[in-house]
Amino acid sequence: MNKKITLLPGDGVGKEIMESARVVLNTIASEYDHRFSFREHAIGGEAIDQYGTPLPEDTIQACEDSDAVLLGAVGGPKWDGNPPHLRPEKGLLGIRKKLGLFANLRPVQGFSSLLHASPLKEEVINGSDILIIRELTGGLYFGRPSERRNNGEEVVDTLAYSRHEMERIIEKGFQSAQIRSKRLTSVDKANVLESSRMWREVVGEKAKDYPDVEVEHLLVDAAAMKLITEPNRFDVIVTENLFGDILSDEASVLTGSLGMLPSASIRTDGVGLYEPVHGSAPDIAGKGIANPLGMILSVALMLRHSFQMEEEAAEIEKAVNECLEQGYHTGDLDIKDGKKVGTKEVTEAVIENLTTKSVSNSICNMYV
Ligand SMILES: NC(=O)c1ccc[n+]([C@@H]2O[C@H](COP(=O)([O-])OP(=O)(O)OC[C@H]3O[C@@H](n4cnc5c(N)ncnc54)[C@H](O)[C@@H]3O)[C@@H](O)[C@H]2O)c1
Ligand SMILES: CC(C)[C@H](C(=O)O)[C@@H](O)C(=O)O
Ligand SMILES: [Mg+2]
C-alpha cells in the first residue's frame, strides 16, 4: 500500500520524536512491503520564523492532500511574548479547525512494566484502561462571536457550542463505549455553565439510541479527583475541549509519564491527525532525552485508524511493550533498575523488537 503522510515536526522535542516516528514507519514499510511517502511542512514557531505565520497555506494544502498527518509539538518560550496571531499554538488550533478534526481520542492505557513508574499506588492503577474523547474544534478555544477581546482593562473569552457540535462528539462517545465496556462517563460543569446544561440534555437524548450503554454524569472537579483515586471506574469519558485537555494530562500520571500518551484527531471521514498529548517540552528540548513512545504509539493509532493496518499497529504496540519490559526508558519514567537511555536508544529498542517480531504475553492494544 502506498500512503502519503504529511509530517509536521513543529518545535522543541517535536523535531526529535518525529525522527523516531519516521524510523518506525520505515521499518514497518520494509517489514510489510508498504510504501510511505513523507512530506515535511512547517507549523508553529518554526513556521512563524520561516514564513511569518504559524500555519502557512502550503502546510494546510499538504495536510488536505495527504492520507494522514503526524504532528510533533508546537510552542516554546521564544514565541511566548508574541501577539495572539503569531503564537505557535494558533497553528495547531488552526490545522485542527481547518481539517474539521472535531474528535480527539486520547487512550490512557498503562503498560504492566510501568506500574511502579507512577506515583500512584499500584493497586489503584492496575488494570486501568481509559479512553478520553475530547471535543476539539469548539468551546473556549474557538470563542464566538468575537473570539477573544482584551482592551487592557477587561478581557473576554467566550465558551460557545452549537447543539450539532455536541451531538457529533457525544455520539462518538456512545459508539466507542458500545465497542468497549459499555460504560460512558460524561464530564461537564452543569452546576455552573449553560453550555454544560445543554451538553447533559444532548447526552440524555443520545442515551435513548444506546440503551445498552450505562451513562454516568460527573462534574469536572469531582471527575479530576476520581480519575486518580478510582481510575478503574472509568472506561470511556466524553467531554468538551478544555476539560478534555486538562483531564488527559492528569490521566497521564496513571501511565507513568505524559510522554507516554498518544492521540488521534479525527472527523467522520477523511484525513486524521496523530500526535502525542504532550507539548514541545522546552525544559528538555535539544538534549536527546525526550520520551518518543507517545509519538510512536500515535503512529500505531494512525496505521490502525487511517490505513486499517491493524496487524502493523499491534506490532508497534507489542514492540513498545517489549522495549519497556527489557527495561529501556527515558528519564521521565521513574523505573528502578531500568536502563535509562535517550530518545534514540529507546527508538532503537522498539525497532529491534519490531524486526524480531517478538511475541509478548502482555499485549497493549489500544482500541479506540
Ligand atoms: N500538542 C502540542 O503541540 C502541545 C501540547 C501541550 C503544550 N504545548 C506547548 O508546549 C510548550 C511547553 O508547554 P508545557 O511545558 O506546559 O507542557 P509540555 O507537555 O511541553 O511539558 C510538560 C512537562 O512534561 C515533560 N514532557 C513532555 N513531553 C515529554 C516527553 N516526550 N518526554 C519527556 N518529558 C516530557 C516536560 O519536560 C515538562 O516537564 C508550550 O508552548 C505549550 O503551549 C504544545
Ligand atoms: C498547545 C495547546 C493549544 C494544546 C491544546 O490545548 O489543545 C495542547 O495542550 C494539547 O493538548 O494538544
Ligand atoms: Mg494539552
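Mentor: Domain bounds here come from an automatic or database domain assignment. The model is predicted, with local features needing pLDDT of at least 70 and side-chain atom pairs counting only at pLDDT 80 or more, while totals for chains, interfaces and linings use all residues. Residues are numbered from 1 along each chain as its sequence is written, and chains are lettered from A and ligands numbered from 1 in the order in which they are written.

Trainee: How far apart do the C-alpha centres of domain 1 and domain 2 lie?

Mentor: The protein chain is divided into domain 1, which takes residues 1-109 together with 256-368, and domain 2, which takes residues 119-255. Between the C-alpha centres of these two domains, the distance is 23 Å.

Trainee: Which element gives the most to the side of domain 1 that touches domain 2?

Mentor: The contact (C-beta atoms, placed from the backbone, within 7 Å) takes 23 residues from domain 1 and 25 residues from domain 2. On the domain 1 side, at least two residues each are supplied by α4 (88-98) and β4 (103-109), where helices (H or I, at least four residues) and strands (E, at least two) are DSSP runs numbered from the N terminus. With seven residues, the element that gives the most to this side is β4.

Trainee: By class, how many residues of the side of domain 1 that touches domain 2 are nonpolar?

Mentor: Ala, Val, Leu, Ile, Met, Phe, Trp, Tyr, Cys and Pro count as nonpolar, Asp, Glu, Lys and Arg as charged, and the others, Gly among them, as polar. On that side of domain 1, six residues are polar and three are charged, and the number of nonpolar residues is 14.

Trainee: How many charged residues does the shell around ligand 1 have?

Mentor: Ligand 1 is surrounded by 22 residues, of which the closest are Gly75, Gly259, His278, Gly279 and Asn291, a residue being near if its C-beta atom, placed from the backbone, lies within 6 Å. The shell divides into nine nonpolar and nine polar residues, and its charged residues number four.

Trainee: Which helix gives the most to the shell around ligand 2?

Mentor: The residues around ligand 2 are Gly75, Glu89, Leu92, Leu93, Asp245, Val277 and Gly279. By class, this shell has three nonpolar, two polar and two charged residues. The element that gives the most to the shell, with three residues, is α4.

Trainee: How are α8 and α9 oriented to each other, roughly parallel or oblique?

Mentor: Helix α8 (residues 220-229) and helix α9 (residues 241-251) have axes 10 Å apart and pack at an angle of about 15°, where axes are lines fitted to C-alpha atoms over the stretch in contact and angles run from 0 to 180 degrees between N-to-C directions. Angles under 35 degrees count as roughly parallel, over 145 as roughly antiparallel, 65 to 115 as roughly perpendicular and the rest as oblique. α8 is therefore, relative to α9, roughly parallel.

Trainee: Which residues of α9 make the contact with α8?

Mentor: The residues of this contact divide into eight nonpolar, no polar and one charged. From α8 come Val220, Ala223, Ala224, Leu227 and Ile228, and from α9 come Phe243, Leu247, Glu250 and Ala251.

Trainee: What is the orientation of α1 and α12 to each other?

Mentor: The axes of helix α1 (residues 13-32) and helix α12 (residues 343-355) come within 10 Å and cross at roughly 15°. The two helices are therefore roughly parallel.

Trainee: How many charged residues does the contact of α11 with α12 have?

Mentor: α11 contributes Glu315, Ile316, Ala319, Val320, Glu322 and Cys323, whereas α12 contributes Val346, Ala349, Val350, Asn353 and Leu354. By class, eight are nonpolar and one is polar, and the number of charged residues is two.

Terms used:
Contact = placed C-beta atoms within 7 Å.
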